[in-house]
Amino acid sequence: MNMKEKLLKKIEEKNVVVGVVGLGYVGLPLAVEKAKAGFKTIGFDVQKEKVDLVNAGHNYIGDVVDSDLKKLVEAGILSATTDFSFIKDVDFIAICVPTPLDQHQQPDISYVKNSTAEIAKYLKKETMVVLESTTYPGTTEELIKPILETGSGLHCGTDFYLGFSPERVDPGNLTYKTKNTPKVVGGVGTEATEVIATMYRAVLEGDVYEVSSPAVAEMEKILENTYRNINIGLVNELTMLCHKMGISFWEVVDAAKTKPYGFQPFYPGPGLGGHCIPLDPYYLSWKAREYGFHTSMIESSMMINDKMPEYCVERAGKILNNHEKALKNARVLVLGVAYKQDIDDYRESPAIRVIEELEKEQALVDFYDPWISQYKEHGKVVTGLSEITPEIVAGYDLVMITTAHSNVDYEMVQKHAKAIFDTKNVMKNLKDRSNIEIL
Ligand SMILES: NC(=O)c1ccc[n+]([C@@H]2O[C@H](COP(=O)([O-])OP(=O)(O)OC[C@H]3O[C@@H](n4cnc5c(N)ncnc54)[C@H](O)[C@@H]3O)[C@@H](O)[C@H]2O)c1
């Protein structure tokens, strides 16, 4: 049997051992799904704490069901390690490590490089390797392939299969999870695509869509995220214009979305957050420069979105001004530091930028987030209020809503706050709007 036949047989018989490298928001749910589908799965991470938690059956990711993880660990189907030598025991490897930006907003691909170099040391013949981290088009073939080939002495296509399959996880989404979200796969060569896609089909309920190369799959992921980034930039810009014109942009979107085709609603807010939408388009801009090409729409959108925290604080200053107050020494309560509703992730959160901007103006800021008790920024730990009561809310000059969490008693907040700046329009259904201003 050749490599393709052997791997297809192993997939059919569920004899593939899966390795997931990077056990974060993407990797842990993926490892759990593979294990739930009956594949023995080993998670690899450089953080010993995460490895210990998994091996103790303790979940730390919101989208994973605690009891699923516990059961799989107890049954010996799922385990985790910091020891990459176990790579020699796996037949399928998914790389799910971070792809952040460096301080100059350029791709920091070091996590991908380092994890791939570790994998290469132990890679055995007849293994499928798939990168899932979001990155610039070309990464799989130009960066990963040579590291794997040089480090292992094996040849891509004849000794192992390589591909890219972007992760689409949307933390907190109650309908679409890793299991039922359609997946795109692009391998180095048609055989790689076919075998890797077969492996995903054996695990997922969502469709698996095959494309002709890793670069197409890498580019389509960036298209998805750039599409969101640019549309959010557009609505943020129009919101600023509408405010000047005395028009509520929220009402405009609600009206526009009655069109049954050709329009998808996006909503304004204090800026972009998370590990994807604010970062990924920069991966493309950076790569585009290699071709002497400027991604002007990405740049324009970034300029607008990056300005939103400052703009929101300017607006907060005007609201306080109407109450005969200055930002300086004003007591401001920021509601929500998560980058989006109903999750505990504050990476790149615009709310934290809003807090920084408020503090630059010497406002006295506290935050409350039902999902996050403290956050760490620039090495400093900031602790939030443990609860909000009518007395606590009444003690602030301004309440600024920066995340649309659903488990906050907004009616109580409205009743007791002196002034509210609702940047997410979460209070839209409240009747008494006398103290509310929306973005
Ligand atoms: N979080 C999301 O919503 C989301 C959605 C789609 C795609 N993505 C993409 O998926 C990738 C991973 O994102 P995430 O949110 O899961 O990140 P994360 O920070 O939650 O998890 C990454 C994990 O990788 C580990 N790691 C770092 N270096 C390693 C190494 N050399 N070897 C092994 N493990 C290592 C880290 O310790 C961490 O546990 C990124 O490229 C991201 O853009 C994320």
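Student: Before we start, what are the ground rules for numbering and for the predicted model?

Tutor: Residues are numbered from 1 along each chain as its sequence is written. The model is predicted, with pLDDT of at least 70 needed for local features and 80 or more for side-chain atom pairs, while totals for chains, interfaces and linings use all residues.

Student: Why is E118 called partly exposed?

Tutor: Buried takes 20 or more other C-beta atoms within 10 Å of the residue's own, exposed takes 12 or fewer, and partly exposed is in between, with C-beta atoms placed from the backbone. E118 has 19 C-beta neighbours inside 10 Å, so it counts as partly exposed.

Student: Where does E118 lie?

Tutor: In helix α5 (helices are DSSP runs of H or I, at least four residues; strands are runs of E, at least two; both are numbered from the N terminus). E118 is 35 residues from D83 in sequence and 9.7 Å from D83 in space, C-alpha to C-alpha.

Student: What makes β3 and β8 edge strands?

Tutor: Strands pair if DSSP finds at least two bridges between them. The open sheet has eight strands in the order β3-β2-β1-β4-β5-β6-β7-β8, with mixed pairing. Both β3 (78-81) and β8 (208-211) pair on one side only, and that makes them the edges.

Student: How do you know that β2 and β3 pair?

Tutor: The cut-off is at least two bridges, and β2 (residues 41-44) and β3 share four, in the parallel sense. In one of these strands, β3, A80 is the bridge partner of G43.

Student: Which strands does helix α2 lie across?

Tutor: Helix α2 (residues 27-36) lies across β1 (18-21), β2, β3 and β4 (92-95). Contact here means C-beta atoms, placed from the backbone, within 7 Å. Helix α2 runs at about 170° to β2, where axes are lines fitted to C-alpha atoms, for helices over the stretch in contact, and angles run from 0 to 180 degrees between N-to-C directions.

How values were computed: Contact = placed C-beta atoms within 7 Å.
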